[in-house]
Amino acid sequence: MIRPLIFAATLIAPLSALAETPVTIALDWTLNTNHIGLVVAQDRGFYEDAGLDVEILPYSDTSSSALLAAGATDFAYLTSLGFMSAKAADADLVALWATMQHENGRLVYNSDNTEITRPADLSGKTYAGFGSAWEAALIGTMIENDGGEPVWDTVTLGTGAYEALASGAVDFTLEVATWEGVNGELLGRKQSSFTYADYGIPDQQNGYIGTRSEVLAEHPDMVRDFMLATQKGYEWAADHPRAAAQILIQSGDFPNQALVHASMVAIAAGGYLRDGDTPVGKIDGERFANMAHFLFDSGVLKDSDGDVLTWPGDVSDWYDQSWMTN
């Protein structure tokens, strides 16, 4: 269980603390290395220096996009699919940030499964899934683009997918290379993978931070201050991955501390947080649009009545990085 990342106030608070603006951000999942910059910014006082009292809300059964859309939080950490699905269904959300500058998801299978050497071989196999329409669009596209028939069996197992794959109960699943993939390596599992972009899936950034349009319009200074402090936190984590991992470990309940450290090593080595001279958190408009287009064309994005939406022609107003100064 995640321990709260805020501390109880003393009975007599300093004037600087009294002047801090309260801010909340909801998480898309239990605390992990995707959220590293938020925890670092809090631990090292970057939010406090910006005059903000930031509370990182523990993950709940209600999605972070739903909490944000309902006004239950000021900001939310969002998966790309979670954000785009909510936005396409007319939720008043706007993306401000992208954490991972490269796709860190991949399709994975056991290396000793001699029946699988390419995505076309997945036809007729059993997939351990997570229950989203995105998975079917992704897998089907990969198989078709490799010349195979997009037909397979699915068992929805959630996080149990990884144990099922390791035991050979299923043939393949999807994983995040910088977390489940790293964990598999620590456990000595021999697994191989296919990269989505090699088989027709647009390369994407992921791990958005978003807010509501009304918050951006009514509190632009608060949004700017929060995002700049958050950027500073992720920059520090990119420069000090081992120290950042330790800060994360100390902030929550992490029985597997080796996984946290190994994940941060993988994130740093893979250039996920920082891509050359591109500012940390920068949204690539072209890649953003390409993924949105793919999700529309694949029938993944639907309105509130469940009807498949058509491509609107432009999604540049789905994100806003006017807060970014570099």
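**Exercise 1. Find which residues of H10 and H11 meet in this predicted model, then work out how the two helices are oriented.**

*Solution.* Start with the residues that touch. On the H10 side they are Trp236, Ala237, Ala238 and Asp239, and their partners in H11 are Pro241, Ala243, Ala244 and Ile247. Next, sort these residues by class: seven are nonpolar, one is charged and none is polar. Now turn to the geometry. The axis of H10 and that of H11 (residues 241–251) come within 5 Å and cross at roughly 120 degrees. Angles from 65 to 115 degrees count as roughly perpendicular, and those over 145 as roughly antiparallel. The helices H10 and H11 are therefore oblique to each other.

**Exercise 2. How are the axes of H2 and H10 placed, and which residues make the contact?**

*Solution.* First, look at the axes. Helix H2 (residues 36–43) and helix H10 (residues 220–239) have axes that come within 7 Å and cross at roughly 105 degrees. Second, list the residues. H2 contributes Ile36, Gly37, Leu38, Val40 and Ala41, while H10 contributes Phe226, Ala229, Thr230, Gly233, Tyr234, Trp236 and Ala237. Third, classify them: nine are nonpolar, three are polar and none is charged.

**Exercise 3. Describe the packing of H6 against H13.**

*Solution.* Begin with the angle and the distance. H6 (residues 133–145) packs against H13 at about 95 degrees, and the axes lie 10 Å apart. This makes H6 roughly perpendicular to H13. Then find the partners: Trp134, Ala137 and Thr141 of H6 meet Met291, Phe294 and Leu295 of H13. Finally, sort the residues of this contact, and you get five nonpolar, one polar and no charged.

**Exercise 4. How many cavities of 30 Å³ or more does the structure have, and which residues line the largest cavity?**

*Solution.* Here is the idea behind the search. Rolling a probe the size of a water molecule over the atoms shows where empty space is left. Searching the whole structure gives one cavity of 30 Å³ or more. The largest cavity holds about 30 Å³ of space. Its lining is made of Met84, Gln204, Gln205, Tyr208, Arg287, Phe288 and Met291. Helix H13 (residues 285–297) supplies the largest share of that lining, with three residues. By class, the lining has four nonpolar, two polar and one charged residues.

**Exercise 5. Classify the aromatic pair of Phe83 and Tyr208, and say where its two residues sit in the chain.**

*Solution.* For context, the structure holds 18 aromatic pairs. In this one, the ring centres of Phe83 and Tyr208 are 5.7 Å apart and the planes meet at 75 degrees, so the pair is edge-to-face. Last, place the residues. Phe83 belongs to helix H5 (residues 80–88) and Tyr208 to strand S10 (residues 206–212), so the pair links distant parts of the chain, 125 residues apart.

Terms used
Residues are numbered from 1 along each chain as its sequence is written. This is a predicted model: local features need pLDDT of at least 70, side-chain atom pairs count only at pLDDT 80 or more; totals for chains, interfaces and linings use all residues. Side-chain values use heavy atoms; hydrogens and water are left out. Axes are lines fitted to C-alpha atoms, for helices over the stretch in contact, and angles run from 0 to 180 degrees between N-to-C directions. Helices (H or I, at least four residues) and strands (E, at least two) are DSSP runs, numbered from the N terminus. Contact means heavy atoms within 4.5 Å. Ala, Val, Leu, Ile, Met, Phe, Trp, Tyr, Cys and Pro count as nonpolar, Asp, Glu, Lys and Arg as charged, and the others, Gly among them, as polar. On a 1 Å grid over the protein atoms alone, a cavity is a set of points where a 1.4 Å probe fits but cannot get out, and a pocket is an open set with protein on both sides within 12 Å along at least five of seven lines; lining residues have an atom within 4 Å of a point. Grid points are joined across faces, edges and corners, and a volume is the space filled by probe spheres set on the points. Angles under 35 degrees count as roughly parallel, over 145 as roughly antiparallel, 65 to 115 as roughly perpendicular and the rest as oblique. Rings of Phe, Tyr and Trp (its six-membered ring) pair if their centres lie within 6.5 Å; planes under 30 degrees apart count as stacked, over 60 as edge-to-face and the rest as tilted.
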